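Dear colleague,

Please find the structure below, with its sequence.

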Amino acid sequence: MFRVKGFDLYVVNVYLKSGEGFQSSTNAGIIASLLSFVRSVRGAFAILGDFNEDFETLSSTHIGEEARAVWVGPGTSTWSGGGQIDFGLISNSLATCAAVQLDWNTPSRPHAALHWQLDVALLHQKMPQLKGFKPAQLDSQPFQLSTDRPEVTILDEQVTDELTLDFAALSCAVEMSVYGQAQGRGANILLHRAPLPVQGAPNAGWGGKASAFWCRFLGWIKTVRNSGWHVSGFGQQAGDQLKDVWYGDATSLQDFASALAIASQQCDPAALLALEPVATAQHRHHTEAFKQANTKQYTKWLSAALVKGMKPLYKCLKSTESPCDRPFRNLSLQDRVYQRWKQWHDIWCQPVTTDPHLLAEVKARAIDQAKHLPPINFEKAVKLFKKFPAKAPGADGWTAQMLNNLSEEAVRAVIDFMHACEASAEWPAQFAISLIACLPKNTLRERPIALLHVLYRSYVRLRFSLINQWQQEYANQCHWDRSLPGGAVLDVALGRLVRGECTRHNRLHMVTLFLDLETFFDRCRFDEMFRTGLKLGYPPIILHQAYLVYSGARYLQAEGTVAPVIKANTGLLPGCPAAPSIAKLIMHDVAAELSVKSGTSNLDVWIDDLSLDTVTAAPKQTASIALRLFRGLRSSLESRGAQVAISKTSFVATSSEACKALKAICQPDDPAIKNFARDLGDGQKFASTWKSIWNHLSKAKDPWKRVTGPIAATQAYLIELGVECSQVHLWRHAKGNLQLDWTNSDVIRSGWEWVHKLLLHQQGLRIAQQEGCGSLDQGTDFTVHRKLLKRKHVQRATLSNLHAVWQGAMVSSAKPGWCKLCQCPLSLQHNLWECPFICKQFDAKEFSEMKSQYPWPSLWLRGLPPLSEVRHPKPAIEQCGLQVAGLWSTQSTLEGSRYVFACDASGGPGGSDQRLLAEPLTVPQAEQRALFELMHRVTGDFDATTDCKSVKQILGKANPPQEGVVPWGTIWHERSRIRLHWVSSHKSAAYFEKQGWEQWRRLINEDVDKLCGQRASQHFSIAHAKWLKKCDSVVEQALKDLPT
């Protein structure tokens, strides 16, 4: 430990065991002890040494986060065998002044020496920082918006415009209502110069409750020694707490307690000081015990991640992305601040201007659109604010915690303020300040993430339906757009996989260009954003309000410091909810031009990632076209201010001939060339490929031997199920046909439901071919089996025997046998019921009665009752299907704005047992079906109440469910019409009042619940329920006796 001015510095040397990895039992114990140590002290630390694990592996775990430290390395190999295995873990406050140099002139080969420099003097220099707000406890107060407006100071400038002052007054009122005090959130954004914060003294480290008690006891002794007898509130209660914090036998505890009581009664300092050695020993023991407990906890955390292979390890330890490299690490902290500012200033402040006429037109359209927008929905705003994620806030002090705790009055005031901003197409000055967090990325550039005002982000979310509607319209007319809500990059990759199979099967050559743009968001020009946005009908209110934020002041924050302001004239802000959709405007003209060029077979654009396919029958022609398209695309992008990341851009060819042809014509400044690519095709070419592959597979004795890709694998599975699928849009089977509309978003669900039924049918047929299983062709009832397996008292041997009975594993065609006692071949019937050796062990009369009442061979030979025998009898045909009554009996649809609706479903008295339901739907599925039917019978937006949470969760997802009986995909684009409210069923009026729910929702929910219950009861068979209960007891009896 080194004593440095203002703090203590701990330097720890580490050497992990080689050849085992950090997750081995030996190394996990070392890391666990290390974590326990650094978490128990408050001094700065540097953990340096040979970790015998690659830097990238350890830096991608949560170990650094758990230690509150940063991984720092030289950025290159540190030993002659290759690999960066020597590096350091530096505490957060010290990382800004840490530097390391590699030195191969050392006797410690094959390892290089690392020279570490910790310039702690930097920690005492005053650096520019944002002045934060003190943490405050929640103290809810009535919301009162004052007419007095506070002064507003934003980064040393006083602001006087009306909108900014109004927002400052609103912020003050909200802060008072949430915290009971005002610190100036939303009114004062101040910069100050101060030393960077460093961890405090090590004696403030937390060692657990018992250690804290003895630490305070020793502090009391020290006070008495220095100032004479003194009894604080702690001293008066210390004797009562000894039992909970004592280590040792009861006698020594009693002696200590007695001595303490005497010292307190006699006010004797000497008697209290005599207890110091014992108190010191207790404090030392409990501190060490706390560290050991933490070590065990970390060891368990590390070692538990190894259970069942490597997947749990990386789920437990691995971060999704945690680079540690930053540029300018070889410079001093002050120089890094300047170089960082200069680097981003050059990118964001290009020699371009924004056309004032174009800006004025966008603003005018924004104001006009605001006049026709419906008000922001209050209930939607309340829900959004309550669940707003606790991410890093903007610069003015508004936090997610404030949004989470807004009163209804405050929410209404915030919505009113948003409406006022919309009406004037302006934002207060507080919204236009962006704090840019520069995250580690690589040694050339950091990753900028904008920390925007929480209310601006909330506003975009509340108006996101405008963006969703535009994105849907844009995707319909621009086939290259792949970044849709709910979409994934995997969809594009799967597409390329199938398209590659089509190409190879047709003996064509395909070259794919994968193009990546460098700092794409940061180079977007506002004029192009406006021009394309107006042309494509992008919501002007969203576009203009986003521009006000993008063109505002930007402050770079990294390594605890803040750089001077940058007034940007280009660049979207990552972190803005509208930025991904606005980015499509920037790429639109480029993609539109490229999509119609000769040689373009397919184009996929995912924000700033572009992939382009060229397909011809000649490899040289394919290569030539691909290269020509790339060079034209690069010129077009660079003319718009974009920059191609050539190191991340590549050509990928599906054939060696095309790859060879590309290499012959490419120049050094062209992308790299790889020899493999796959993708997904559609349309007429895909249909012809499907049919060609089908003709190839259907004639084969073993289709799987001819499978070469996902299309062929799909067809091979369908052939096994007895499906004739020579046409991609029509699949035929003896049980029925399936017509597939591949443009419909419900196609996956409907296809899976159809195939799943065939799979169950095929499964039933194969099971029915087994001995004694002829009645199981329509399914097996496993209700009793599942209950039995859940019982804790069932022994493992009994379970093994049960499995043997279900599988018929005692005898089979593969394992024939001969009964020596009866001199006959073994069968399940003979083995379980006919052999005298078996019969004498149970009451044959009792079982013969049960077998006559339940004459199912599958039950008595396998313990498997047939589902067809236990299912509830189907109602008469005239009682099934949809029944229309009330207002719908005179008109097919109702106007949503004139009524409120409620949906419910009921399984009747036996709803908890799937076998007692008249229809093959679970209650949640029936609830979904009810809402689905309602959407077809109501026009416009409408209000609906339900007591089923799963329905509300489904509608809140980005994509429709890909399984289930309800075809949500057919109406998914209309789901925004529903204002769905969930309420608890069967609750009192007082409960609804406490939850803040309208009482009329309770009444209509009770009404619809009653109607559903009555309808379900009409089809419920009490006699069948009683019979089923008796049947289950017989099945359970059979399952208990058969294995024995």
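**Findings**

Of the protein's 1044 residues, 46% count as buried, that is, under 20% relative accessible area, where exposed is over 50% and partly exposed lies in between (1.4 Å probe, protein chains only). This is a predicted model, in which local features need pLDDT of at least 70, side-chain atom pairs count only at pLDDT 80 or more, and totals for chains, interfaces and linings use all residues. Residues are numbered from 1 along each chain as its sequence is written, and side-chain values use heavy atoms, with hydrogens and water left out.

The protein contains 39 helices and 33 strands; these are DSSP runs, numbered from the N terminus, with helices being H or I of at least four residues and strands E of at least two. Among contacts (heavy atoms within 4.5 Å) between residues at least 6 apart in sequence, 71% join residues at least 24 apart.

W860 belongs to helix 33, which covers residues 857–862. With a relative accessibility of 4%, W860 counts as buried. Leaving aside neighbours within four places in sequence, the contacts of W860 include L832, W833, F847 and V1034. The C-alpha atoms of W860 and G772 are 8.4 Å apart, although 88 residues separate the two along the chain.

A search of the whole structure finds zero disulfides, a disulfide being a pair of cysteine sulfur atoms within 2.5 Å. The closest cysteine sulfur to that of C903 is in C1012, 8.8 Å away, which is too far for a bond. C903 is buried, at 6% relative accessible area, whereas C267 is partly exposed, at 42% relative accessibility.

Yours sincerely
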